[in-house]
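Please keep the sequence and the structure in view while reading.

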Amino acid sequence: ILPGFSAPVKIVTQPSDQDLIFRMAHDSDPFNRLEAGERLMSKTMQNLLKDHDAGKTLVLPRDVLDAYAANLACALDGDQAFASRMLALPSFTQDLKKYDPLSVLAVSRFVSKTLAETFKDEFSQIYTKTAAPKGEKYDVTPKQVGHRELHNTSLGFMRKLGSPEVQALAKQQYAQSANMTE
């Protein structure tokens with residue numbers, strides 16, 4: 001919707017989940033992909049909250065995972081800080097009044113862990129490819145900031161697995177950090 005349009009325009013729509021899945025995975029405008037992804041993940045997590053509160057088994061829909069995979073596959077292309085935001089889970093600060101905070105925490109953990117387990121190899125590959133080269137001088141450039149943000153996002157998902165190898169990677173990154181964003 002309005003690709004490349006930069007003027008402030010408010011459009012109120014209620015796209016279907018299938019529309020959001022398609023836009024999240026295939027829209028040529030990265031902002032539209034981000035917005036579709038946030039809306040889709042928010043709707044998905046709200047549905048999971050209802051399932052959790054009803055005592056149902058939580059399952060992340062395959063088509064949501066496929067759309068997430070499309071964003072993950074192109075995370076190293078272009079603006080990596082923006083890609084990091086596309087991979088992050090939506091904030092539920094506005095919805096805490098509607099749902100039990102413990103349910104929100106349980107569902108957020110479920111979604112994070114499911115994404116981490118499903119895309120373990122992809123997050124590991126991103127983590128490796130976004131590591132700062134040895135001896136790189138710290139600088140606040142968009143490229144370095146994006147690298148660090150995507151690097152930390154991938155590590156955050158990998159940590160959900162709770163493996164000793166990932167714990168060791170996190171400790172090593174902390175021990176070798178040269179600034180507060182590493």
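Which residues does R159 touch, not counting residues up to four places away in sequence? R159 touches V166 and A170, where contact means heavy atoms within 4.5 Å. R159 is found in helix α7. At 48% relative accessibility, R159 counts as partly exposed; the term buried means under 20% relative accessible area, exposed over 50%, and partly exposed in between, with a 1.4 Å probe and protein chains only. The C-alpha atoms of R159 and L49 are separated by 23 Å, and these two residues are 110 apart along the chain.

The model is predicted: local features need pLDDT of at least 70, side-chain atom pairs count only at pLDDT 80 or more, and totals for chains, interfaces and linings use all residues. Residues are numbered from 1 along each chain as its sequence is written, and side-chain values use heavy atoms, with hydrogens and water left out.

## Overall fold

The protein has eight helices and zero strands. Helices (H or I, at least four residues) and strands (E, at least two) are DSSP runs, numbered from the N terminus. The radius of gyration is 17 Å, close to the 16 Å that the globule rule gives for 182 residues, so the protein is as compact as a globular protein of that length. This radius is taken over C-alpha atoms, and the globule rule is 2.2 Å times the number of residues to the power 0.38. Along its principal axes, the C-alpha trace spans about 50 × 45 × 30 Å.

Of the 182 residues, 37% count as buried. Among contacts between residues at least 6 apart in sequence, 67% join residues at least 24 apart. The accessible surface comes to about 11200 Å², of which 56% belongs to carbon and sulfur atoms. Accessible areas come from the Shrake-Rupley method with a 1.4 Å probe; for residues, only the protein chains shown count as cover.

## The nonpolar core and a surface patch

In soluble globular proteins, nonpolar side chains tend to be buried together. The largest nonpolar core here has 35 residues, and those with the most contacts inside it are Y68, L72, V107, V111, L115, F119 and F123. At least two residues of this core are supplied by each of α1 (17-26), α2 (30-53), α3 (62-73), α4 (80-87), α5 (101-118), α6 (120-129) and α7 (142-159). Helix α2 gives the most to this core, with six residues. A nonpolar core is a set of buried Ala, Val, Leu, Ile, Met, Phe, Trp, Tyr and Cys residues joined through side-chain atoms within 4.5 Å.

Not counting residues up to four places away in sequence, V107 touches M45, L48, L49, H52 and L58. S103 has its place in helix α5. S103 is buried, with a relative accessible area of 3%. Leaving aside neighbours within four places in sequence, S103 is in contact with L49, H52 and D53.

V9 is found in the segment before α1. At 44% relative accessibility, V9 counts as partly exposed.

## Salt bridges

Side chains of opposite charge can pair when their charged atoms come close. A search of the whole structure finds five salt bridges, each being a side-chain nitrogen of Lys or Arg within 4 Å of a carboxyl oxygen of Asp or Glu. The table includes some of these pairs.

| Salt bridge | Closest N and O atoms |
|---|---|
| D17 and K43 | 2.7 Å |
| D66 and R62 | 3.2 Å |
| R85 and E149 | 3.6 Å |

R85 is partly exposed, with a relative accessible area of 45%. E149 likewise counts as partly exposed, at 24% relative accessibility. Salt bridges that share partners join R23, E35 and R39 into one network.

D66 and R62 both lie in helix α3, four residues apart, about one turn of the helix. D66 counts as partly exposed at 42% relative accessibility, whereas R62 counts as exposed at 51%.
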